Amino acid sequence: MIDLYVYFLTLVMVSMVANTALSIYGIFFRPSMIKKIIALTILGDTANTFAIIIGYKRWVNPETPVTTPVLLNYTNINKTYIEEFAKMRAVDPLPQALVLTAIVIGLAVNLYLVFLTLQTYRLYGTTDVREIRRLRG
Amino acid sequence: MNRDVIGLIVLLALIIGFSLLLSIAGKYYIPNPESRKPTEIFGGNNQLAYLYLKYTYYPNDTSRTVLSPEAVTAIVWDFRGLDTLFETTVFYLAIIGALALGRGLIKIEKPVGEHGLSIIVKTVTRLTSVLIVTVAASIALHGHLTPGGGFQGGSAAAVAPLLILIIFSIYYFLEKGISKTLMLIIRSIGLIVIGLVAISCFIIGVIQGSEAFVFQNQRKIVGVYGEHSIEVSLPSHIAGELISGTLWFFNIAEFFAVMAGFTIVFMLLFVPEKAFREGGGK
Amino acid sequence: MINLELLLYAFMALLSISSVIAVYLAIFEKKLVRAVVFSAIQSTLYAILYYLLMAPDIALVYIPVSVGLYPAVILILIRKTEGEEKV
């Protein structure tokens with residue numbers, strides 16, 4: 001009746017979309033600065049998960065699973081082994097390399113935001129955004 | 001409490017129902033089993049993933065390969081090395097920005113008495129922090145053979161100074177002579193080594209009188225019909241062991257740089273609030 | 001026995017739905033220490049998902065950064081500033 005493989009993979013994609021929507025709501029409508037930082041990290045991680053899901057590849061036949069893009073026995077190989085590895089059995093390595101860079105940059109920006117929040121608390125005495133707006137910050 | 005449970009059940013029912021509707025209607029996106037089919041434009045076999053996976057360890061033709069059986073590390077440090085260079089710059093700028101916000105610090109004086117948590121926790125920490133650093137160094141050194149590399153090992157090794165800062169206190173660090181300046185020096189040495197290894201082939205080419213690229217690992221063949229060959233390369237095997245040219249040195253330098261960078265951030269966060277309030281400027 | 005690929009995809013779907021529950025509880029929680037703990041639970045579920053999607057390099061970065069370093073830094077920040085959110 002329905003295709004169960006397609007249904008499970010669609011469920012994964014739709015729940016990632018729901019995560020994105022929840023974290024964007026958390027950034028805009030919650031008044032505490034620390035809650036905004038937590039929601040920003042969740043948004044960044046979900047965006048990286050989208051990129052990794054695109055690099056996945058379904059199984060060719062039900063006996064041979066897909067593997068990681070690492071050649072494990074590299075001492076005795078021949079041309080047909082490399083051809084089969086590159087065409088059929090390995091996952092795409094390029095989205096993983098790009099996500100590695102994205103995680104480092106997101107980490108650096110979030111650590112800097114933590115220091116900014118600390119300095120704002122020392123100057124105004126509160127981390128509530130509505131209070132700071134009332135104090136004409 | 002009741003509002004949370006009702007909201008959660010409504011959200012889950014929406015997700016399951018919506019994906020059921022999508023999979024029945026036939027409009028979805030999942031990874032395609034024939035997404036590696038070659039196109040007909042340049043005579044087939046030009047998919048990017050296929051090329052990266054084929055030429056990551058190809059000892060028959062050493063002019064297009066990296067000679068490292070790990071595809072992701074080869075892409076990060078050789079095929080797309082310039083991306084990693086600028087990412088390191090962004091990380092460095094963030095740490096400098098955080099250091100600039102921590103000015104106005106007067107002298108930290110140490111109150112008398114015992115610091116830190118109880119003696120059981122201190123003994124366990126003395127054992128486990130050595131283990132943590134060992135495992136992280138193993139991950140960083142084997143980055144070209146197994147999954148791992150410089151950044152993975154560095155961020156796993158940054159957990160050990162965090163543990164020591166929480167369980168012993170910051171006065172322990174200052175007594176032993178580990179200050180922010182020392183960590184900044186270590187980080188700068190790591191970044192200088194990365195820069196030197198990146199232009200090492202160029203320097204060898206200048207000395208020998210031939211031309212070479214920046215970020216070059218093995219020999220290359222340039223020219224429209226493949227007639228010009230650049231023979232400068234770093235050794236890929238040392239005494240029979242595979243080190244893949246520049247990748248091994250990059251991993252070691254990145255390990256030290258990342259570990260020192262995280263330690264600076266933690267030491268800045270652990271300063272007690274009293275040192276900022278009484279007379280420390282704005 | 002049942003197809004191994006189907007079991008793998010069912011497990012991935014279960015992990016994704018659990019992560020939606022963890023994110024919802026993290027955002028709608030007033031005490032900030034509990035919100036940080038829910039965020040760490042979500043990161044653990046994501047790390048298992050990355051392992052099933054055959055990406056071991058990313059799982060090796062994600063576990064120390066998002067389960068070890070981030071919650072520690074935010075807990076120090078909560079200790080130095082306020083600990084509860086007033087809606």
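**Entry 1: terms and ground rules**

I call a residue buried when its relative accessible area is under 20%, exposed when it is over 50%, and partly exposed in between (1.4 Å probe, protein chains only). I note that this is a predicted model, where local features need pLDDT of at least 70, side-chain atom pairs count only at pLDDT 80 or more, and totals for chains, interfaces and linings use all residues. Residues are numbered from 1 along each chain as its sequence is written, chains are lettered from A and ligands numbered from 1 in the order in which they are written, and side-chain values use heavy atoms, with hydrogens and water left out.

**Entry 2: salt bridges**

I looked up salt bridges next. The term means a side-chain nitrogen of Lys or Arg within 4 Å of a carboxyl oxygen of Asp or Glu. Side chains of opposite charge can pair when their charged atoms come close. How many salt bridges does the structure hold over all chains? I read seven.

I took Glu85(C) and Lys35(A) as one of them; their side chains meet at 3.2 Å, N to O. Glu85(C) sits in the segment after helix H3 (56-80) of chain C, and Lys35(A) sits in helix H2 (residues 33-54) of chain A, so this pair joins two chains. Helices here are DSSP runs (H or I, at least four residues), strands are runs of E (at least two), and both are numbered from the N terminus. Is Glu85(C) buried or exposed? I find Glu85(C) buried, at 3% relative accessible area. Lys35(A) is buried too, at 1%.

I then checked a pair in chain B. Arg80(B) bridges to Asp83(B), with the closest N and O atoms 4.0 Å apart. Arg80(B) is partly exposed at 32%. Asp83(B) is partly exposed at 35%.

Chain C gave me another pair. Glu29(C) bridges to Arg34(C), and their closest N and O atoms are 3.9 Å apart. Glu29(C) is buried at 15%, whereas Arg34(C) is partly exposed at 47%.

**Entry 3: chain C and its record**

I looked up the UniProt record for chain C. The unreviewed entry places the feature "transmembrane region" at residues 6-28, 35-53 and 59-78. UniProt positions are given in the numbering used here, feature names are shortened, and annotations may be inferred rather than shown by experiment. I checked residues 6-28 of chain C: the span is 96% helix and 0% strand, and its end C-alpha atoms lie 34 Å apart.

**Entry 4: phi angles in chain B**

Most residues other than glycine have a negative phi. I looked for residues that go against this.

Phe215(B) is not a glycine, yet its phi is positive, about 60 degrees. I place Phe215(B) in the loop between helix H10 (200-208) and strand E1 (220-222) of chain B. Phe215(B) is buried at 17%.

Ser244(B) is not a glycine either, and its phi is positive, about 55 degrees. Where does Ser244(B) lie? I find Ser244(B) in the loop between strand E4 (241-242) and helix H11 (247-269) of chain B. Ser244(B) is buried at 0% relative accessibility.

**Entry 5: chain A**

I ended with chain A. Chain A has five helices and zero strands. The C-alpha atoms of chain A fill a box of roughly 70 × 45 × 15 Å, taken along the principal axes. Of its 137 residues, 51% count as buried.
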